[in-house]
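Let's take a walk through this structure together. Keep the 3D view open and follow along.

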Amino acid sequence: MGETHNHGHNHQPPPPQTAAPPPAMPLGAAKGPLFPPAEQLLQLHYCIHSNPSWPQTALLAFQHYIVMLGTTVMIATVLVPQMGGGPGDKARVIQSLLFTSGVNTLLQTLIGTRLPTVMGPSFAYLISALSVINDLSGSNFRSEHERFEHTMRAIQGSLIVSSFINIILGYSQVWGNLTKFFSPVVVTPLVCVVGLGLFGRGFPQVGDCIEIGLPMLILLIISQQYMQHVHPVAQSILERFALLLCVGLIWAFAAILTVAGAYNHVKEQTKLSCRVDHSFLLSSAPWVKVPYPFQWGTPIFRASHLFGMMGAALVSSAESTATFYAASRLAGATFPPAHVVSRSIGLQGIGQLFDGFFGAVVGTTASVENVGLLGLTRVGSRRVVQISTAFMIFFSIFGKFGVFFAQIPIPIFAAIYCILYGIVAAIGISFSQFANKNSMRNIYVLGISLFLGISIPQYFVMNTDIAGHGPVRTPAGWFNDILNTIFSSPPTVATIVGTFVDNTLKARHSKDDRGVPWLVPFQRRKGDSRNDEFYSYPLRINEYIPSRFL
């Protein structure tokens with residue numbers, strides 16, 4: 001066989017044609033869809049402007065009243081016995097707290113943030129109130145009731161004076177200007193810890209009466225989340241009203257255990273947690289009693305008591321701000337503008353002044369648990385919260401009816417809070433979608449703010465005795481009260497740490513990563529066209545109010 005030779009030429013075969021590589025896909029894109037950031041939650045049944053039917057509105061409003069009642073009873077249970085008060089005094093304190101909460105909530109939803117937030121009694125004032133109680137414990141009184149009234153008047157005076165802190169910070173726009181330093185990297189841990197920081201009021205108090213608290217927790221999860229899928233009719237009922245049904249069933253179960261003698265031979269603390277008749281509130285409460293200004297007597301003003309309350313006023317402002325941010329998401333509204341947050345804090349100061357006049361034992365703040373209830377029921381209607389104020393005021397006047405529900409055992413409320421506080425914390429996490437979650441700088445700021453926001457307050461709480469003395473113990477008692485109060489608050493610590501680190505660590509070169517471009521339009525008065533839709537005053541009130549106070 002012959003070979004064919006190409007003289008002088010050595011031709012090589014052409015290289016094989018290779019296909020162009022496919023464009024690079026984002027990591028994980030082949031495994032499922034990507035979810036872009038969403039400013040509003042699309043699975044809400046009713047947002048801030050839409051309203052359920054009137055029967056549903058009434059039931060949902062009563063549910064809000066039940067949820068806020070737990071914190072009211074907890075605070076009265078902690079403070080009144082240490083002040084020297086009996087069951088009758090505790091009943092009147094609960095009535096006063098309900099009355100002031102109802103009025104403050106109505107004002108806040110009308111001329112404050114206008115978000116569906118309940119303004120309830122705040123634990124932030126607990127350390128300051130305990131400090132006043134301890135300071136007067138060495139005084140001589142003719143009776144325990146006289147000691148109670150004297151202590152109450154001293155707390156009233158402190159609340160009245162310290163209220164001007166929030167009034168000035170709010171209506172001078174100082175607080176609103178402070179919030180302009182927030183970015184989604186700061187808002188995320190701030191809202192997270194306003195829920196997670198309340199873990200002590202969750203399962204630890206469920207464990208005080210595990211045979212009541214744990215069934216409540218399990219039954220609420222199963223009925224509200226799983227049983228609603230059994231039948232279409234059951235879905236709307238259980239999703240919105242499972243909490244009321246579960247409270248009624250477990251309360252009845254606790255009554256059966258009480259009548260059957262299950263708690264006849266147990267420790268006193270177990271009786272207080274489990275029995276439905278051990279508070280003696282029903283027999284001590286008046287049938288009708290209208291709270292009125294200075295019902296305990298003329299307020300007492302002492303400089304040594306004021307500074308702790310001033311610290312508590314600052315703490316309540318930080319807590320309310322975080323709660324307002326969470327409420328805006330769960331109500332389907334835009335992020336609250338700086339001027340709206342500022343006027344709400346100013347109005348909160350007026351509300352604290354009102355608390356001092358009417359003898360509330362603590363000031364009010366935006367209720368975290370009631371904001372969690374917006375997410376649980378998926379009903380963010382403003383009208384529902386406004387109607388709930390009618391229940392608060394009604395039950396504050398007709399005492400027997402009001403304290404009847406106040407006899408619900410604390411572990412039942414604690415089981416509810418396990419879920420509601422968790423929802424608020426999760427809403428905080430959702431704010432991180434507006435920042436770069438893959439930025440190591442953002443991860444650092446988020447991590448340190450979250451951890452220190454929980455860890456530092458836990459250190460202060462663990463080292464605070466029953467008299468309210470915290471780890472800061474210098475010769476200056478007023479200085480101790482301020483620092484112990486501020487650093488016992490998770491939202492306040494998270495605000496301080498997060499704002500400082502986020503605005504000093506490569507802040508200028510990482511505005512996009514921090515999510516600042518997304519947030520800036522909402523912080524300006526006219527930055528987003530939707531702001532007026534959600535936050536403008538009703539009935540054209542803004543035409544008669546100077547713009548600097550709007």
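Start with the largest nonpolar core, which has 121 residues. A nonpolar core here is a set of buried Ala, Val, Leu, Ile, Met, Phe, Trp, Tyr and Cys residues joined through side-chain atoms within 4.5 Å. Buried means under 20% relative accessible area, exposed means over 50%, and partly exposed is in between (1.4 Å probe, protein chains only). The residues with the most contacts inside this core are Tyr 65, Leu 79, Val 93, Ile 212, Tyr 325 and Val 361; a contact means heavy atoms within 4.5 Å. Helix α1 (residues 54-83) gives the most to this core, with 13 residues.

Before going on, a word on what you're looking at. This is a predicted model, where local features need pLDDT of at least 70, side-chain atom pairs count only at pLDDT 80 or more, and totals for chains, interfaces and linings use all residues. Residues are numbered from 1 along each chain as its sequence is written, and side-chain values use heavy atoms, with hydrogens and water left out.

Now pick out Val 361. Leaving aside residues up to four places away in sequence, Val 361 touches Ile 75, Leu 79, Met 83, Val 93, Leu 97, Met 152, Ile 155 and Leu 159.

Zoom out for a moment. The protein chain has 23 helices and 2 strands; these are DSSP runs numbered from the N terminus, with helices being H or I of at least four residues and strands E of at least two. Its C-alpha atoms fill a box of roughly 130 × 55 × 50 Å, taken along the principal axes. Of the 550 residues in the chain, 55% are buried. Look at the contacts with a separation of 6 or more, and you'll find that residues 24 or more positions apart account for 85% of them.

Next, head for helix α20 (residues 490-504). It has 15 residues and reaches 21 Å from its first C-alpha to its last, close to the 21 Å expected at 1.5 Å a residue; that expected span is 1.5 Å times one less than the number of residues. Is α20 mostly covered or mostly open? Mostly covered, with 11 of its 15 residues buried. Among those buried are Pro 490, Pro 491, Val 493, Val 497 and Val 501. The cover over the buried residues of α20 includes α6 (184-196), α12 (303-330), α18 (440-462), α19 (477-486) and α21 (511-514). After α20 comes Lys 506, whose phi is positive, near 50 degrees.

One of those covering helices, α19, has buried residues too, including Asn 480, Asp 481 and Ile 482. The buried residues of α19 pack against α3 (126-136), α12, α18 and α20.

Back in helix α20, find Gly 498. Gly 498 counts as buried because its relative accessibility is 0%. Gly 498 touches Val 186, Val 445 and Ser 449, not counting residues up to four places away in sequence. Gly 498 and Leu 446 are 52 residues apart in sequence, yet 7.4 Å apart in space, C-alpha to C-alpha.

For a last stop, go to Ser 50, in the segment before α1. Ser 50 counts as partly exposed because its relative accessibility is 26%. Ser 50 and Gly 380 are 330 residues apart in sequence and 8.3 Å apart in space, C-alpha to C-alpha.
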